[in-house]
Structures are given as structure tokens and as C-alpha cells.
Amino acid sequence: MKRHRSGVVVLAALLAAAVASGCAAEAGGGAAGAPAGPAKPAAGQQGEAVQRGEAAQQGGPARALDAYAEEIKRKQAARAVAAKKWGLARTPLAAPEPPRVKPRITTRKGFEVRDDEGLPPVFTTVPTKEKIVFLTMDDGAEKDPELLRMMTELDIPYSAFLSDYVINDDYGYFKRMQKRGVTISNHTLNHRYLPGLSYAQQKREICGQQDKIVKNYGKRPTLFRPPYGNYNRDTLVAARTCGITAVPLWSAEAFADHMEWREWDRDLHPGDIVLTHFRGKGDWKGTMPDMIRLVMKTITDKGYAVAKLEDYV
């Protein structure tokens, strides 16, 4: 156990040097305002590196550490190349390793409903001190194959909250997205204003979408986002009945040409959830890759990395 803990400390130190070296592959250097301290691999990236590191331990601790550091360096260098290919202003920062124990999520003050004990918490920010944010995409109207390629090559995690009425013409698009590691979550069947519906109607919207997602993607979601961010107590009771454990809303929203902010200071904060939509030129001024370029410039310039929401909630 002592040898393992010592190895973790040394690995963290090597990791910081490796990521810094990988970022140097990008012209112009690292992002201004990048977080101090040792950087670690992005959520979803570390598994393969850890496996290689463990295998290398058979050749001695030094070889294991070298292999691990080289793997992280390689991944960040590949991300730098992808960032240039896709026209990003800077290479996205590597997110820290996710916590072994997920933080306790509570309902944000002012977002409570009557008698909400035991109901899924409603929140806009995940409790963390790390300089990370979470990228989420709603509905599913636009099915741009360039987005799939872009996000895969950049290795940026994101979460999809889908409504059946706009995805039922191409379930396969989101199946390909799921195979790339994206979690499929619930955004109702028909994107209706839930507080205007009866409890039975709300339950049909939420549970019905749960069944659609299970049928098409094989896994029942635990996260749910109500359309427009509107809900009442019936919404949360119905969601709990349908197997929902948390209701993430958002702190900021990304478009193809601008950002919108919920908070008074118009800034990002550790653990903030960023919302965007599956939209194209028919709905906003640009494509989904345009939106990614803008939101990632905002996130990276402010010294933040994108982590995977489901690793924390």
C-alpha cells in the first residue's frame, strides 16, 4: 500500500510535466490563466494510460512511470494536432482525474419545491474546487456528422439530453455518439412545458422517454433535464418514479456566435454546467463545430478544462 501511494505522488508530478510538454506542441503555447498545480488526464482518457502503466510495472517502477508519462504526453500532443485541424484558438486543457467518491449534490438555493426531501436535486453547478466545467447538449434536432468527428478527435467529454420527437428520425446518429463514450440522458418525449401538464402527463413525458432510451440505447438514464429548465413538484416526483436521481440545469449557455450567462458576474466557476443545443445554420448563426470553437475558446481562455458530468454526478 505504501509503495502504491508513493507511486501515485510521483505519477502526479510526472503527469504535470508530460501535459505541459504535450501542450508545447501547439503553436503559441499554453492557455493564459491555466490552473496552477499538476494537470492530470482528461476524464475518460486515463484508463488506457493506467493499464499501460500497470503493465510496465513488471519492468520496474521507473519504466512504469516513464510509460505513464509518455502516454499522457502523447494524448495531449494528439489533442493539440486536432485543435489545429478543427480551428480551435488553443488546445483544450486536460481535466483532472475524476474523484473516487462523487460529491454530494444538493438542490441550489432558490430552486427548491415544496416538500422536496427525497426528490432528485436540481442544480446548476457541481461541488468541486477543480477548474473544470461540464458541457451538455440538448434535444437532438441537428445531427451533424462533423460534430462526432470533431469531438472524438479532440477527446472532449460531453453529455446529451435527448427528446424523442427530434431524434426518432435517426436514432443511429446518437448510437454512434454513445459508442464514442457519450452518456444519453432524458429531455422528455416531446419537449413540452411540464408545469402546464398534469402529474400523469408529466410522468408519461419522462417515463416514456426513459423507455425509448432503454429500447434504443440499452441503458436507463439517471439524469433528467426538464425542457426550458421549468419544473414543479410533480415534475420531480414523476422523475423519481421513473428512475431519475438528479436534475442538472445550467450556469451558462453556448451558441455559435455568443455566450449567455445565468450568473451576475458573467463568468465561469468551478463545476459549472454549460448548456448548448444540437442546432445548425437553420436555427443560429453557424454550425455545431462553430459553436464548439467558441465555447472551447471561452473555457480554455479562462483556464478551465471540460470534465465528464457522469463522473461527478
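## Rings, charges and a helix crossing

The model you are looking at is predicted, and the values below were computed from it.

Buried here means under 20% relative accessible area. The ring centres of Phe 255 and Trp 284 are 6.0 Å apart and the planes meet at 70°, so the pair is edge-to-face. Phe 255 belongs to the loop between strand S6 (252-254) and strand S7 (259-261), while Trp 284 belongs to the loop between strand S8 (273-277) and helix H9 (288-301), so this pair ties together parts that are 29 residues apart in sequence.

How many aromatic pairs are there by the ring-centre rule? The count comes to 5. Another of them joins Tyr 171 and Tyr 217, again edge-to-face, with 6.5 Å from centre to centre and 75° between the planes. Tyr 171 is part of helix H6 (residues 171-179) and Tyr 217 is part of helix H7 (residues 199-217), so the pair links parts that are 46 residues apart in sequence. Is Tyr 217 buried or exposed? At 4% relative accessibility, Tyr 217 counts as buried. Elsewhere, Tyr 173, Phe 174 and Phe 278 make up one aromatic cluster.

| Charged residue | Ring | Distance from charged end to ring centre |
|---|---|---|
| Lys 131 | Tyr 304 | 4.7 Å |
| Arg 262 | Trp 250 | 5.2 Å |

Now back to helix H7, this time with its neighbour H8. Two packed helices are described by the angle between their axes and the distance between the axes. The axes of H7 and helix H8 (residues 233-241) come within 9 Å and cross at roughly 45°. H7 and H8 are therefore oblique to each other, and H7 passes H8 in a right-handed crossing. On the H7 side the contact is made by Tyr 199, Gln 202, Lys 203, Ile 206 and Cys 207. On the H8 side the residues are Asp 234, Thr 235, Val 237, Ala 238, Ala 239 and Thr 241.

Where is Ser 163? Ser 163 sits in the loop between strand S3 (159-162) and helix H5 (164-167). At 0% relative accessibility, Ser 163 counts as buried. Leaving aside residues up to four places away in sequence, Ser 163 touches Asp 139, His 187, Thr 188, Leu 189, His 191 and Gln 209.

Asp 115 is found in the loop between helix H3 (61-85) and strand S1 (122-123). With a relative accessible area of 53%, Asp 115 is exposed. Asp 115 and Arg 233 are 118 residues apart in sequence, and their C-alpha atoms are 8.2 Å apart in space.

Finally, a view of the whole protein. The protein has 9 helices and 9 strands, and buried residues make up 50% of its 313 residues. Among contacts in the protein with a separation of 6 or more, 73% come from residues 24 or more positions apart.

Notes: Residues are numbered from 1 along each chain as its sequence is written. This is a predicted model: local features need pLDDT of at least 70, side-chain atom pairs count only at pLDDT 80 or more; totals for chains, interfaces and linings use all residues. Side-chain values use heavy atoms; hydrogens and water are left out. Rings of Phe, Tyr and Trp (its six-membered ring) pair if their centres lie within 6.5 Å; planes under 30 degrees apart count as stacked, over 60 as edge-to-face and the rest as tilted. Helices (H or I, at least four residues) and strands (E, at least two) are DSSP runs, numbered from the N terminus. Buried means under 20% relative accessible area, exposed over 50%, partly exposed in between (1.4 Å probe, protein chains only). A charge sits over a ring if NZ of Lys or CZ of Arg is within 6 Å of the ring centre and within 35 degrees of the ring normal. Axes are lines fitted to C-alpha atoms, for helices over the stretch in contact, and angles run from 0 to 180 degrees between N-to-C directions. Angles under 35 degrees count as roughly parallel, over 145 as roughly antiparallel, 65 to 115 as roughly perpendicular and the rest as oblique. A crossing is left-handed if the near helix is turned anticlockwise from the far one by less than a right angle, and right-handed if clockwise. Contact means heavy atoms within 4.5 Å.
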